[in-house]
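User: I've got a model open and would like to go through it piece by piece. Could you take my questions as they come?

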Amino acid sequence: MNLLEIKRVQRTYHATSSHPVHALKDITFSVPQGEYLAIMGESGAGKSTLLNIIATLEKPTAGQVMLSGRDVSQLGKDQAAKYRRQHLGFVFQHFNLLDSLSNRDNIYLPLVLTKTPVEEMEKRLAPLVKALGIDKIIDRYPSEISGGQQQRIAIARALITHPELLLADEPTGALDSNTSKEILNLFDMVNQQGQSIIMVTHSTAAASYTKRVLFIKDGRIYHELYRGQMSQQEYQQKISDTMMTLTNGGE
Ligand code: ADP
């Protein structure tokens with residue numbers, strides 16, 4: 001069974017003063033366990049809408065979103081919130097850490113919300129601190145550390161619940177290229193340890209770390225690339241070429 005199945009998903013927005021916007025027209029794809037998938041496409045293509053639907057932050061107008069065999073596309077608000085806490089991890093472009101909490105307490109927050117005992121939180125934190133290299137900053141505050149360090153804390157916060165699926169929205173969008181590489185290497189490492197990841201990105205460099213890229217254009221899947229045996233450089237070139245054809249209106 002696939003980890004995630006997106007079946008004939010459509011999403012139409014009915015803005016009051018204008019015509020309906022068909023943000024997603026007909027999207028079908030599956031994500032096996034252990035996948036590392038990038039979603040790319042021009043601005044307005046439907047990437048955020050798709051990510052929000054996978055995240056159960058939005059409901060599709062039609063179609064199904066199956067995670068581990070369960071249709072999560074029509075969950076009510078409270079059920080969806082619970083589902084997100086239990087099954088998904090999130091990493092955002094702007095880190096979204098709370099400045100009033102120490103880094104440690106930011107990481108603990110999702111477990112505090114599910115009333116996890118302190119010993120369990122500590123047990124889960126230890127390997128993350130080591131893997132993400134955050135031991136020296138764990139008791140500082142987000143405002144006292146760099147953007148790259150904040151993203152490490154945010155990744156720890158996303159992973160501490162042991163999510164089935166990690167969703168990342170432009171995770172390197174606010175970072176310089178060297179720091180981006182460090183963060184992408186961390187994603188690569190957690191993926192190699194079995195973590196399934198879906199990442200929305202504009203960056204061909206970021207996408208070149210993944211195993212597969214799904215290109216979205218005008219609410220439909222335009223193309224799909226697998227890294228396979230390609231070198232990272234070759235893969236990035238292919239991703240760039242595909243983005244170029246997509247942008248130039250090629251069919
Ligand atoms: P992307 O993330 O690829 O830039 P989006 O998913 O944000 O694309 O948007 C896809 C299309 O849906 C765009 O035409 C956008 O204007 C429209 N759209 C997104 N959200 C809304 C909304 N809440 N109301 C109306 N239209 C929306």
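User: Which residue stands opposite Arg-70 of E5?

Analyst: Quick background: this is a predicted model, where local features need pLDDT of at least 70, side-chain atom pairs count only at pLDDT 80 or more, and totals for chains, interfaces and linings use all residues. Residues are numbered from 1 along each chain as its sequence is written, and side-chain values use heavy atoms, with hydrogens and water left out. Strand E5 (residues 70–71) pairs with E4 in the antiparallel sense over two bridges; strands (E, at least two residues) and helices (H or I, at least four) are DSSP runs numbered from the N terminus, and two strands pair if DSSP finds at least two bridges between them. The residue opposite Arg-70 is Leu-67.

User: In the hairpin of E4 and E5, which residue takes a positive phi?

Analyst: There are two residues between the strands of that hairpin. As a rule, most residues other than glycine have a negative phi. Here the one with a positive phi, near 45°, is Ser-68.

User: And what is the bridge partner of Glu-5 in E4?

Analyst: Strand E1 (residues 4–13) runs antiparallel to strand E4 (residues 62–67), and the two pair over five bridges. In E4, Glu-5 is partnered with Met-66.

User: How much of the ligand's accessible area does the protein cover?

Analyst: Start with the polar contacts (N or O pairs within 3.5 Å): a polar side-chain atom of Lys-47 sits 2.8 Å from a ligand oxygen. For Ser-48 the distance from a polar side-chain atom to a ligand oxygen is 2.5 Å, and for Thr-49 it is 2.5 Å. On its own the ligand has 560 Å² of accessible area (Shrake-Rupley, 1.4 Å probe), and the protein covers 60%.

User: Is Thr-56 buried or exposed?

Analyst: Thr-56 lies in the loop between H1 and E4, and has a positive phi of about 60° although it is not a glycine. Buried means under 20% relative accessible area, exposed over 50%, and partly exposed in between (1.4 Å probe, protein chains only). At 10% relative accessibility, Thr-56 is therefore buried.

User: What about His-162, buried or exposed?

Analyst: His-162 is in the loop between H5 and strand E7 (165–169). Its phi is positive too, near 55°. With a relative accessible area of 53%, His-162 counts as exposed.

User: Which helices do the buried residues of H3 pack against?

Analyst: In helix H3 (residues 103–113), the buried residues are Asn-103, Asn-106, Ile-107, Tyr-108, Pro-110 and Leu-111. Just after H3, Lys-115 takes a positive phi of about 55°. Taking contact as heavy atoms within 4.5 Å, the buried residues pack against helix H4 (118–132) and helix H5 (147–159).

User: Last one: what separates the C-alpha atoms of Lys-82 and Thr-114?

Analyst: Lys-82 lies in helix H2 (residues 77–87), and at 48% relative accessibility counts as partly exposed. Lys-82 and Thr-114 are 32 residues apart along the chain, and their C-alpha atoms are separated by 9.2 Å.

Key: A polar contact is a pair of N or O atoms within 3.5 Å; within protein, one must be able to donate a hydrogen and the other to accept it, and residues adjacent in sequence count only if both atoms are side-chain atoms.
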